[in-house]
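The sequence and structure are shown first.

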Amino acid sequence: MEAFAIKLNNVADSYYGFVVAVLTYVKNKESRLEVVESFMNNNPSALSSDILEFISEQDDFYEDAAYAHADAV
């Protein structure tokens with residue numbers, strides 16, 4: 001995971017929130033890491049927005065969502 005974090009930090013417009021968000025997404029499933037890393041390898045000039053857009057289009061993107069309950073508001 002450390003090598004992947006370095007790769008995220010090397011994205012041209014990388015920023016802390018981007019790195020944390022992507023690491024949080026991929027840590028829950030090994031397959032996510034493989035898919036995102038493959039996307040980055042195939043698109044070496046991808047910017048953070050390209051990578052985040054790719055992630056948001058994945059079928060399992062909303063599996064980890066924290067939904068607010070109506071009674072919690």
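## Basis of the description

Two residues are in contact when heavy atoms lie within 4.5 Å of each other. The model is predicted.

## Overall architecture

The protein chain contains four helices and zero strands, giving the pattern α-α-α-α along the sequence. Of its 73 residues, 27% are buried. The accessible surface amounts to about 5100 Å², and carbon and sulfur atoms account for 53% of that area.

Among contacts between residues at least 6 apart in sequence, 55% link residues at least 24 apart.

## The nonpolar core

The largest nonpolar core comprises 16 residues, and Phe4, Val22, Val36, Met40 and Ile51 have the most contacts inside it. Two or more core residues come from each of helix H1 (2-9), helix H2 (16-27), helix H3 (30-42) and helix H4 (48-56). H2 gives the most, with five residues.

Leaving aside residues up to four places away in sequence, Phe4 touches Val22, Leu23, Val26, Leu33, Val36, Glu37 and Met40. Among these partners, Val22, Val36 and Met40 are also listed with Phe4 as having the most contacts inside the core.

Phe4, Ala5 and Leu8 are the buried residues of H1. These residues lie on the same side of H1 because they cover an arc of only 100° around the axis. The cover over the buried residues of H1 includes H2 and H3. On the other side of H1, Glu2 and Ala3 are exposed.

Technical notes
Residues numbered from 1 in each chain as written. Predicted model: local features only at pLDDT ≥ 70, side-chain atom pairs only at ≥ 80, totals over all residues. Heavy atoms only, no water. Buried < 20%, exposed > 50% of the residue type's maximum accessible area, 1.4 Å probe, protein only. Areas by Shrake-Rupley, 256 points an atom, 1.4 Å probe, with all protein chains shown as cover. Core = buried A, V, L, I, M, F, W, Y, C linked by side-chain atoms within 4.5 Å. Arc of directions from axis to C-beta.
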